[in-house]
Amino acid sequence: QQLYAPERLIPSHPGIFRTPLRVKSLTAFYRGGELTSIPLASWKGGDKYVTAVKIQNHTPVSLALDPRLFRGQWRSRTLQHPSLGPHHSEQDTTTVYLISDRPFHESLWF
């Protein structure tokens, strides 16, 4: 909701707050794919972090995404859409949501 809903429809949740992102873009974030990865936002609730990362396909073919191929130390990963269309199509972009025990920049490893 924080990314896509109109601001007037976003509920307030005590104990969940946005955290700063120290990483602006990622290289080789997804193993085996020519994808652009841009961190969009990160939140903290309790002792867990959730980070949304925009993923865009730069190949001329559709790609099925495997959440396990995102580099980093994640408790869980989920995709807005499980596949991407070819570059320049309406389906060439999705968002992956990553849950971690530490801030996003500390959970990355390549």
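Residues are numbered from 1 along each chain as its sequence is written, and side-chain values use heavy atoms, with hydrogens and water left out. Because the model is predicted, local features need pLDDT of at least 70 and side-chain atom pairs count only at pLDDT 80 or more, while totals for chains, interfaces and linings use all residues.

The secondary structure consists of 1 helix and 7 strands, where helices (H or I, at least four residues) and strands (E, at least two) are DSSP runs numbered from the N terminus. From the N terminus on, the elements run β-β-β-β-β-β-β-α. Of the 110 residues of the protein, 33% count as buried; buried means under 20% relative accessible area, exposed over 50%, and partly exposed in between (1.4 Å probe, protein chains only). The protein exposes about 6,800 Å², of which carbon and sulfur atoms supply 53%; accessible areas come from the Shrake-Rupley method with a 1.4 Å probe, and for residues only the protein chains shown count as cover. Among contacts (heavy atoms within 4.5 Å) between residues at least 6 apart in sequence, 59% join residues at least 24 apart.

Five of the strands form an open sheet in the order β1-β2-β3-β7-β5, with antiparallel pairing; two strands pair if DSSP finds at least two bridges between them. Strands β1 (16-19) and β5 (76-79) stand at the edges, each with a single partner strand, so one side of each lacks a neighbour in the sheet. Neighbouring strands are turned by 25° against each other on average, direction ignored, with axes being lines fitted to C-alpha atoms, for helices over the stretch in contact, and angles running from 0 to 180 degrees between N-to-C directions.

Strands β5 and β7 pair over 4 bridges, and Ser 76 stands opposite Ile 99 in β7. In strand β7 (residues 93-100), 6 of the 8 residues are buried, so the strand is largely enclosed by the rest of the structure.

The structure holds 5 aromatic pairs; rings of Phe, Tyr and Trp (its six-membered ring) pair if their centres lie within 6.5 Å, and planes under 30 degrees apart count as stacked, over 60 as edge-to-face and the rest as tilted. The ring centres of Phe 29 and Trp 74 are 6.4 Å apart and the planes lie at 85°, so this pair is edge-to-face. Phe 29 lies in the loop between β1 and β2, and Trp 74 in the loop between β4 (63-64) and β5, 45 residues apart. Both Phe 29 and Trp 74 are buried. Trp 74 also forms a stacked pair with Phe 104, at 5.6 Å centre to centre and 20° between the planes. Phe 104, in helix α1 (residues 104-107), is 30 residues from Trp 74. The relative accessible area is 8% for Trp 74 and 3% for Phe 104. Phe 29, Tyr 30, Phe 70, Trp 74 and Phe 104 form one aromatic cluster.
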